[in-house]
Amino acid sequence: MFDPRVWPTIVHSVARSAIAILRGRERSPALIPTGGRFGLPADFLIAPDGFVLASKYGEHAGDQWSVDEVLALTRAPAVSSVRAAAEVCAR
């Protein structure tokens with residue numbers, strides 16, 4: 001958001017939404033959005049083939065996987081079985 005290269009896109013998006021709201025085609029955004037103004041983090045463990053092996057939706061801004069948790073997930077039997085199932089389906 002603070003990089004000047006993105007400002008034209010932000011201005012365009014805000015103007016487009018404002019016009020749609022004024023015309024009654026869209027609703028105005030919530031004053032207090034769920035998850036805060038910038039949303040909440042989400043982490044995904046994705047296999048090379050694009051299959052999502054695990055996911056975590058954060059409850060606050062700092063709620064993300066640690067490196068140890070990611071390493072444990074890659075070694076977990078459930079992830080291995082999902083990988084094996086995905087490989088069988090891909091054949």
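In this predicted model, the side chains of Asp63 and Lys56 are joined by a polar contact of 3.0 Å, a polar contact being a pair of N or O atoms within 3.5 Å, of which, within protein, one must be able to donate a hydrogen and the other to accept it, while residues adjacent in sequence count only if both atoms are side-chain atoms. The side chain of Asp63 also reaches the backbone nitrogen of Glu59, at 2.9 Å. Asp63 is placed in the loop between strand 2 (52-57) and helix 2 (67-75), where helices (H or I, at least four residues) and strands (E, at least two) are DSSP runs numbered from the N terminus. Asp63 counts as buried because its relative accessibility is 16%, given that buried means under 20% relative accessible area, exposed over 50% and partly exposed in between (1.4 Å probe, protein chains only). When residues up to four places away in sequence are not counted, Asp63 touches Pro41, Lys56, Tyr57 and Gly58, with contact meaning heavy atoms within 4.5 Å.

Rings of Phe, Tyr and Trp (its six-membered ring) pair if their centres lie within 6.5 Å, with planes under 30 degrees apart counted as stacked, over 60 as edge-to-face and the rest as tilted; by this rule the count comes to 1 aromatic pair. Phe44 and Tyr57 form this edge-to-face pair, at 5.7 Å centre to centre and 85° between the planes. Phe44 lies in strand 1 (residues 42-46) and Tyr57 in strand 2, so the pair ties together parts that are 13 residues apart in sequence. Tyr57 counts as exposed at 58% relative accessibility, whereas Phe44, at 41%, counts as partly exposed.

Residues are numbered from 1 along each chain as its sequence is written, and side-chain values use heavy atoms, with hydrogens and water left out. Local features need pLDDT of at least 70 and side-chain atom pairs count only at pLDDT 80 or more, whereas totals for chains, interfaces and linings use all residues.
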